[in-house]
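Trainee: Can you walk me through this structure? I'd like to take it piece by piece.

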Amino acid sequence: MRKVWIEVALNGAWGRKLQAGIPETVDEIVAEGIACARAGTGIVHTHAYAADGKPTSDWRVYARIIEGIRAEIDVPVYPSYPPIPRAGMEAAARFAHVEALAERGLLDFAVVDPGSVNFMTTHTTATTKPAGTYLNPEDHVRHALAFAARQGLHPAFAIYEPGFKRAGAALARAIGVKAPVYRFMFSDKFAFGFPAKPYALAAHVALLEESAAGAPWMIAGLAVDVRPLIAETVARGGHVRVGLEDAPLGSSMSNLAWVEAAAKLVRDSGAEPASGSDVRNALQALPAAA
């Protein structure tokens, strides 16, 4: 029976004013990561928060999270990185915490997104405050991919716009990294990319086959419910990400409930949720990006 990866994105950088149910403390994140892994998650993604409730990139906080989850269940756990770098922030500083975690053997993925995007909403008005821009200059992407190549890590690409696939695939080949994982980012609230519709999934899959045939991919997004696409995703050979980072804002479902719902839909589609070891074994069998 085919094994489908279910990734859970536990929190994001929303804060509880926008997504009340997210875990913020290390203990909360660890507890939810463990519960989700036991319910069918094969990959855990999280943002870290400092004691004051603000997002942090302190590698020591991330290490406590990763080690806390792995102490109970062996599953890949990977961090985020600053989405809007400070003016003049060099790539080495932006990714320093990721490199620190990799040096300690705590990572399976090198997270980097191969393009920049505006987070404008679909219901913007003439008086709406201009949205922020998620900046990933090419020199930052190249830096992160070079680090991934040195460490032997698979890059994890968030594909906010279709062209991110072509850019990411070209850079991955040029730098010689292991095969990236492509995460198709849908949204209903935000105006980037596609809404979570079957035609959009078909377009993503077709372009990926042209750009990086055979690469692993999954559905995900921001402020969106991807459950209606899970059956077709399984049928097309893809994987799934759910969780409160991705869910519609104000979700009444917990991370565990999102994972349980996704696991049921995967099983209803004739597959089985992959364990952490299943994910690692699948990654080891992948060819290089070239």
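Trainee: Where is Tyr81 found?
Mentor: Tyr81 sits in the loop between β6 (77–78) and α3. Keep in mind that this is a predicted model.
Trainee: Is Tyr81 buried or exposed?
Mentor: Buried. Its relative accessibility is 4%, and the cut-off for buried is under 20%.
Trainee: What is Tyr81 in contact with, leaving aside its neighbours within four places in sequence?
Mentor: The contacts of Tyr81 are Arg94, Phe95, His97, Val111, Val112, Asp113, Tyr134 and Asn136.
Trainee: And how far is Tyr81 from Leu207?
Mentor: Their C-alpha atoms are separated by 27 Å. Along the chain, Tyr81 and Leu207 are 126 residues apart.

Trainee: Let's talk rings. Which residues do ring pairs link into a cluster with Tyr81?
Mentor: The cluster joins Tyr81 with Trp14, Phe95, Phe119, Tyr134, Tyr160, Phe164, Phe190 and Phe192.
Trainee: How many aromatic pairs does the structure hold?
Mentor: There are 15 aromatic pairs. Take Phe190 and Phe192: their ring centres are 6.1 Å apart and their planes are at 10°, so this pair is stacked.
Trainee: Why does 10° make it stacked?
Mentor: Because planes under 30 degrees apart count as stacked, and the planes of Phe190 and Phe192 are at 10°.
Trainee: Are Phe190 and Phe192 buried or exposed?
Mentor: Phe190 is buried, and Phe192 is buried too.
Trainee: Which residue lies over the face of Trp59?
Mentor: Arg104 does, at 3.8 Å from the ring centre. Lys165 lies over the face of Phe184, at 5.2 Å from the ring centre.

Trainee: New topic: charges. How do charged side chains pair up?
Mentor: Side chains of opposite charge can pair when their charged atoms come close.
Trainee: How many salt bridges does a search of the whole structure find?
Mentor: It finds 16 salt bridges. One of them is between Arg280 and Asp108, with the closest N and O atoms 2.8 Å apart.
Trainee: What does that pair tie together?
Mentor: Arg280 lies in helix α10 (residues 276–284). Asp108 is in the loop between α4 (96–103) and β7 (109–111). The pair therefore ties together parts that are 172 residues apart in sequence.
Trainee: Are those two buried or exposed?
Mentor: Arg280 is buried, and so is Asp108.
Trainee: Give me another bridge. What does Asp58 form a salt bridge with?
Mentor: With Arg60. The closest N and O atoms are 3.0 Å apart. Asp58 is partly exposed, at 24% relative accessible area. Arg60 is exposed, at 52%.
Trainee: And what about Glu272?
Mentor: Glu272 forms a salt bridge with Arg267, and the closest N and O atoms are 3.3 Å apart. Salt bridges that share partners also join Arg70, Asp74, Asp108 and Arg280 into one network.

Trainee: You mentioned α4. How do the axes of α4 and α5 cross?
Mentor: They cross at roughly 5° and come within 11 Å. That makes α4 roughly parallel to α5.
Trainee: Which residues meet there?
Mentor: From α4, Val98, Glu99, Ala102 and Glu103. They meet His143, Phe147, Arg150 and Gln151 in α5.
Trainee: Why is α4 called largely enclosed?
Mentor: Because six of its eight residues are buried. Those are His97, Val98, Glu99, Ala100, Leu101 and Ala102. The buried residues of α4 pack against α2 (59–70), α3 (91–94) and α5.
Trainee: What follows α4?
Mentor: Gly105 follows α4, and its phi is positive, near 70°.

Trainee: Which residue has a positive phi although it is not a glycine?
Mentor: Ala223, with a phi of about 55°. Most residues other than glycine have a negative phi. Ala223 is in the loop between β12 (217–221) and α8 (230–236). It is buried, with a relative accessible area of 7%.

Trainee: Last one. Where is the place of Asn255?
Mentor: Asn255 is in helix α9 (residues 255–268). Asn255 counts as buried, at 0% relative accessibility.
Trainee: How far apart are Asn255 and Cys36?
Mentor: In sequence, 219 residues. In space, Asn255 and Cys36 are 7.2 Å apart, C-alpha to C-alpha. Not counting residues up to four places away in sequence, Asn255 touches several residues, among them Cys36, Val8 and Leu244.

Key
Residues numbered from 1 in each chain as written. Predicted model: local features only at pLDDT ≥ 70, side-chain atom pairs only at ≥ 80, totals over all residues. Heavy atoms only, no water. Phe/Tyr/Trp six-rings, centres within 6.5 Å; stacked < 30°, edge-to-face > 60°. Buried < 20%, exposed > 50% of the residue type's maximum accessible area, 1.4 Å probe, protein only. Lys NZ or Arg CZ within 6 Å of the ring centre and 35° of its normal. Salt bridge = Lys/Arg side-chain N within 4 Å of Asp/Glu carboxyl O. Helix = DSSP H or I, 4+ residues; strand = E, 2+ residues; numbered from the N terminus. Axes fitted to C-alpha atoms, helices over the stretch in contact; angles between N-to-C directions. Parallel < 35°, antiparallel > 145°, perpendicular 65-115°, else oblique. Contact = heavy atoms within 4.5 Å.
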